[in-house]
Amino acid sequence: MIPKVFTEIIDLGDGRTISIETGKLAKQAHGSVVVRSGKCMLLCTVVSNYKQGDVDFLPLTVDYREKFSAAGRYPGGFFKREARPSDGEVLTMRLVDRVLRPLFPKDYHSETQVMIQLMSHDDDVMPDAMAGLAASAAIQLSDFPFECPISEARVGRVNGEFIINPTRAQLLESDIDMMVGASADSVMMVEGEMKEISEEEMAEAIKFAHEAIKVQCEAQVKLAEAFGKKEVREYEPEREDEELAKKIHDMAYDKVYAIAKAGSAKHERSAAFEAIKEEIIASFSEEEQEDYGNLISKYYHKAEKEAVRNLTLNEGLRLDGRKTNEIRPIWCEVDYLPSTHGSAIFTRGETQALATVTLGTSREANQIDMPSFEGEETFYLHYNFPPFSTGEARPIRGTSRREIGHGNLAQRALKGMIPADCPYTVRVVSEILESNGSSSMATVCSGTMALMDAGVKLKKPVSGIAMGLISDADSGKYAVLSDILGDEDHLGDMDFKVTGTADGITACQMDIKVKGLSYEILVNALKQAKEGRLHILEKITDTIAEPNATVKEHAPTMVTRRIPNEFIGALIGPGGKVIQELQKETDTTIVINEDPITEEGIVEVLGVGKKGIDQVLSKIDSLLFKPEVGGVYEVKVIKMLDFGAVVEYTQAPGNEVLLHVSELAWERTENVSDVVNMGDVFEVKYFGVDSRTRKEKVSRKALLPKPEGFVERPPRENKGRDNRGRDNRRDDRRKRD
């Protein structure tokens with residue numbers, strides 16, 4: 001039976017559309033849609049178990065995968081099958097998860113899975129910009145308890161004009177690359193990179209994206225109505241006890257408020273809060289504790305959150321005693337690690353990041369192999385968050401999604417400041433040694449200093465800060481918090497990270513937890529963030545004002561040389577023999593790439609110490625050396641033969657030519673050694689390629705005065721062989737016979 005298909009079309013302008021289709025594929029899922037733009041097609045399915053999980057959180061999994069078959073390609077590597085997700089896929093999963101998760105009821109604990117697959121690829125469509133739309137549309141067709149439809153859109157700006165879901169080619173010209181997630185009423189998530197834009201420009205970009213998202217949310221509602229919106233499923237809600245909640249609030253609020261107002265360090269404060277909690281639990285009998293279950297802890301944390309928020313709103317004070325716009329003490333140090341190419345420590349309060357820089361050739365570039373994008377990164381940053389940084393012991397099972405996300409944010413913050421002519425592949429690694437809020441921003445700061453310490457010519461130093469927001473809709477009060485703590489991140493209404501130079505924003509990441517946040521509050525928060533960024537930037541530049549003039553003595557120096565393509569083979573040699581021996585002799589790394597535009601070879605020479613690099617450059621010069629006809633050049637005898645001497649040009653060692661015995665002197669020369677010997681240095685004149693011998697000809701005697709009365713012998717007749725190589729005398733005998 002032919003399935004009944006339902007479709008909604010979204011007009012993006014300039015002839016582009018997005019269609020949302022359901023009813024044809026994956027009908028056993030609780031909700032499924034195919035989202036299409038051009039030839040790009042995403043299949044999204046959602047399933048949620050009907051039985052509540054025995055946990056106190058929503059076990060939501062968002063999975064985004066790109067199938068290589070979608071682009072007509074095979075997976076790279078030995079196993080020809082898609083395996084673990086790439087960093088790009090993980091970043092898309094995070095973008096979708098952060099918008100969906102807050103819209104499920106807090107007491108909904110059923111295992112829920114959102115699967116998004118790229119089934120068909122289009123070079124002009126970036127699929128990650130439609131993943132949020134696909135996820136929300138599939139949920140709208142299900143019976144999940146979900147607050148409202150959402151969507152995500154990418155916004156770019158080319159020549160001052162905003163563009164929704166730009167192509168990758170347009171992004172190359174854009175000064176903004178920002179993903180915005182929102183419902184029809186509220187912006188919920190922002191993440192992206194910018195080329196030093198202002199706070200007002202950023203707010204305008206968010207507004208523009210939000211208008212497009214409103215249209216996409218409306219299309220989802222229409223599709224669900226046409227398909228037949230399902231009744232929301234019933235589920236067993238969490239148990240509530242208002243009398244118990246009030247009792248615990250009265251027992252905890254004032255005590256928590258007093259400890260919060262006193263201002264203390266993280267572990268001291270945590271221990272004090274834990275003591276209050278244990279005291280409250282102990283006030284209940286064992287039977288009551290068993291009967292109430294986790295309600296006592298739940299209501300205690302609710303009272304704690306209320307007390308801390310009210311302290312900030314009413315008195316402008318925070319958990320560690322700071323004012324709302326105050327930044328924790330900062331100390332920095334560069335060149336801490338003696339063997340790295342660059343290193344720096346950035347410590348702000350109880351957060352500490354140690355960054356290292358490694359310099360390499362294009363061979364060390366990070367290769368990106370995804371169905372939707374193939375390329376390489378010559379600047380990349382890795383972020384590690386070990387458990388000891390928060391005083392915990394837990395197993396390490398690979399790189400987490402959080403580590404990938406935080407590292408990507410720091411990378412985007414810094415990469416625009418790497419000069420285009422930087423000859424190196426640059427890898428930054430950030431090790432978080434302590435964490436109490438904003439370790440990703442500490443990574444940006446330590447990364448900036450480590451790059452300057454390594455001698456990378458950053459255009460401008462970059463700093464970053466994490467901000468928070470506490471607001472009360474009833475009273476209209478709000479407080480923007482600079483340099484938030486980990487606890488403030490948890491209890492606040494918005495946490496946003498902003499990075500930039502003294503001249504503008506380079507990257508941001510925002511999670512907005514309160515509905516209907518006004519753009520006025522957002523701009524004010526961004527301006528307060530700018531004040532904090534500039535304060536931190538001053539601490540950075542006090543430590544290291546500008547990039548070091550040179551790389552460190554033990555770090556490699558990179559020299560790049562362009563050569564015509566016809567000389568690449570000579571430099572490599574048969575089977576790579578020449579280049580391998582040259583690398584071994586000079587203790588250098590030599591990488592050769594071809595520039596398809598200029599049809600030249602790009603030779604990268606990486607080595608510690610000037611001597612080895614100079615040897616390689618000398619070899620390249622000798623390969624490229626072309627003497628001009630009529631030119632005079634200095635040569636050195638390197639080999640003696642019966643019929644002449646092999647000489648090499650002193651300005652191009654290794655470039656050899658035969659100096660025939662007849663060109664040594666005007667007088668007849670019986671023995672080559674009568675005129676020159678091994679190691680002799682003298683000048684010769686270059687005559688080009690001899691038409692008779694088809695070999696290059698040089699002459700010493702041409703530069704010597706002709707002896708008085710010298711009579712040059714006429715050239716000897718060729719009586720033996722003609723140009724065809726036949727013996728003429730033998731032919732004459734045959735004719736006579």
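Before we start: a helix axis here is a line fitted to C-alpha atoms over the stretch in contact, and angles run from 0 to 180 degrees between N-to-C directions. Keep in mind that this is a predicted model.

**Exercise 1.** Work out how helix 5 and helix 8 are placed relative to each other.

*Solution.* 
- Step 1: Find the two helices. Helix 5 covers residues 242–262, and helix 8 covers residues 295–315.
- Step 2: Look at their axes, which come within 8 Å and cross at roughly 45 degrees.
- Step 3: You get 16 nonpolar, three polar and four charged.

**Exercise 2.** Compare the chain's radius of gyration with that of a compact globule of 737 residues.

*Solution.* 
- Step 1: Such a globule would come out near 27 Å.
- Step 2: The chain itself has 36 Å, so its value is above the globule's.
- Step 3: Check the box that the C-alpha atoms fill along the principal axes: roughly 130 × 70 × 50 Å.
- Step 4: Now burial. Of the 737 residues, 50% count as buried, with the cut-off at under 20% relative accessible area.

**Exercise 3.** Describe the span that UniProt lists as "domain: S1 motif".

*Solution.* 
- Step 1: The unreviewed UniProt entry puts this feature at residues 630–701.
- Step 2: In the model, that span is 0% helix and 47% strand.
- Step 3: Its end C-alpha atoms lie 14 Å apart.
- Step 4: For context, the chain has 16 helices and 29 strands.

Definitions and conventions. Residues numbered from 1 in each chain as written. Predicted model: local features only at pLDDT ≥ 70, side-chain atom pairs only at ≥ 80, totals over all residues. Heavy atoms only, no water. UniProt positions renumbered as here; feature names shortened; annotations may be inferred. Helix = DSSP H or I, 4+ residues; strand = E, 2+ residues; numbered from the N terminus. Nonpolar A, V, L, I, M, F, W, Y, C, P; charged D, E, K, R; others polar. Rg over C-alpha atoms; globule rule 2.2 N^0.38 Å. Buried < 20%, exposed > 50% of the residue type's maximum accessible area, 1.4 Å probe, protein only.
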